[in-house]
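Colleague: Could you walk me through this structure? I am new to the model and would like to begin with the sheet.

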Amino acid sequence: MRKRNESVTVEHERAAAAAAAAVPGPLDKGCSLRRSLRLPASAAAEGMKRPLGRRYGLWFRLRKLILWLLGVYIAIPFLVKLCPAIQAKLVFLNFVRVPYFIDLKRPQDQGLNHTCNYYLQPEEDVTIGVWHTVPAALWKNARGKDQLWFEEALGSSHPVILYLHGNAGTRGGDHRVELYKVLSSLGYHVVTFDYRGWGDSIGSPSERGMTYDALHVFDWIKARSGDNPVYIWGHSLGTGVATNLVRRLCERETPPDALILESPFTNIREEARSHPFSVANFSSQIYRYFPGFDWFFLDPITTSGIKFANDENVKYISCSLLILHAEDDPVVPFHLGKKLYNIAATSRSFRDYKVQFVPFHTDLGYRHKYIYRSPELPRILREFLGKSEHEHRH
């Protein structure tokens, strides 16, 4: 029995010793836990590579973007230089038709119930859409009348205004329609049209073509208006067409009775630097110090045959001139209109004619195309054109 008890005791001691060896002591416990939590060397290296890889990937993409932007920055000037048509498109903006969903054959849809739609053909393969609004006094007589009646009405004792609109849009643009209404209420016939390539007019736009279209419409009016005064009114880009037209009329000794320029510029190069939607203006902000800026961005406009040199044309014009310009005009800067007036006022061609500049204060908010809202406009026109009619008769 003693031997059995001794053997059992020995076995218990061995088992206790084995258990004690399996459980870590107080000092070894932390070290054993740290050893058990320590990652393998390969896993630690992988974890360090991930943030480095992310940083490298971001830098690679950023560098790629910077190089791409630099490439575009350098390519744009060459693209514009090699494709002058880009600048021409942005000067004319004839592809922008606003408002979009109107039928130009139906001016009455725009509230012009005393207006007739015509189509004239200045040249072969060129057709232009024309609107003729009679004076408000003839409104009732005009209801239901055909084109022949409207053409004969030009011979009534009312002066005629040929209106030449600016770039973009059509003859049915909202601010243009509102001006027709104002002029009609003042007793004027208003004849306006879309240049070739605008609205529903057929043909390709060009400065020469636009000027020829205006000349054709002017002659068409004169053939029907008899001795009634005919005035030319140009707005924005239309001022370039207007001075081209009037210079040509003066050279052939058939000047209009007066020229009205609303929001005019001096020439297309100076305007291109200022127009908010032109490549030249956008470029002038980011390419201001780019070598050969004029050669890259402005010369292509001239290469396309676009000059609209109002500052040169006024030196050859001999008829009364009225310039209207809003000080807060964001499209054609006010100082360009003022500069044009100063050139005209000192020109010998105007020595026998009235030259007047009418500014509209910034507080009025007329900007580029809302001068028609001015309550002073009827008085301004009455006083200016009344004097022009007196000059015409004498």
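**The sheet and its surroundings**

Modeller: Strands β5 (residues 230-235) and β6 (residues 258-262) run parallel and are joined by five bridges. Strands are DSSP runs of E with at least two residues, helices are runs of H or I with at least four residues, and both are numbered from the N terminus. Two strands pair if DSSP finds at least two bridges between them. This is a predicted model, in which local features need pLDDT of at least 70 and side-chain atom pairs count only at pLDDT 80 or more, while totals for chains, interfaces and linings use all residues. Residues are numbered from 1 along each chain as its sequence is written, and side-chain values use heavy atoms, with hydrogens and water left out.

Colleague: Which residue in β6 does W233 stand opposite?

Modeller: W233 stands opposite I260.

Colleague: And in what order do the eight strands come?

Modeller: The order is β1-β2-β4-β3-β5-β6-β7-β8, in an open sheet with mixed pairing. Because β1 (115-123) and β8 (355-360) each have a single partner strand, they stand at the edges, and one side of each has no neighbour in the sheet. From one strand to the next, the twist averages 20°.

Colleague: Which strands does helix α9 touch?

Modeller: Helix α9 (residues 237-251) packs on the sheet and touches β3, β5 and β6. Its direction makes about 145° with that of β5; such angles run from 0 to 180 degrees between N-to-C directions, with axes being lines fitted to C-alpha atoms, for helices over the stretch in contact. Helix α14 (residues 334-345) lies across β6, β7 and β8, at about 165° to β8.

Colleague: Changing topic, is H325 buried or exposed?

Modeller: H325 counts as buried because its relative accessibility is 0%. Buried means under 20% relative accessible area, exposed means over 50%, and partly exposed lies in between (1.4 Å probe, protein chains only).

Colleague: Where is it, and what does H325 contact?

Modeller: H325 is in strand β7 (residues 320-326). Leaving aside neighbours within four places in sequence, its contacts (heavy atoms within 4.5 Å) include S263, V332, F334 and F360. A polar atom of the H325 side chain lies 3.0 Å from the backbone oxygen of V332.

Colleague: What about G169: where is that one?

Modeller: G169 is found in the loop between β3 (160-164) and α7 (174-185). G169 is buried too, with a relative accessible area of 7%. Its C-alpha atom is separated by 6.8 Å from that of N94, 75 residues apart along the chain.

Note on methods:
Polar contact = N/O pair within 3.5 Å; in protein donor to acceptor, adjacent residues only side chain to side chain.
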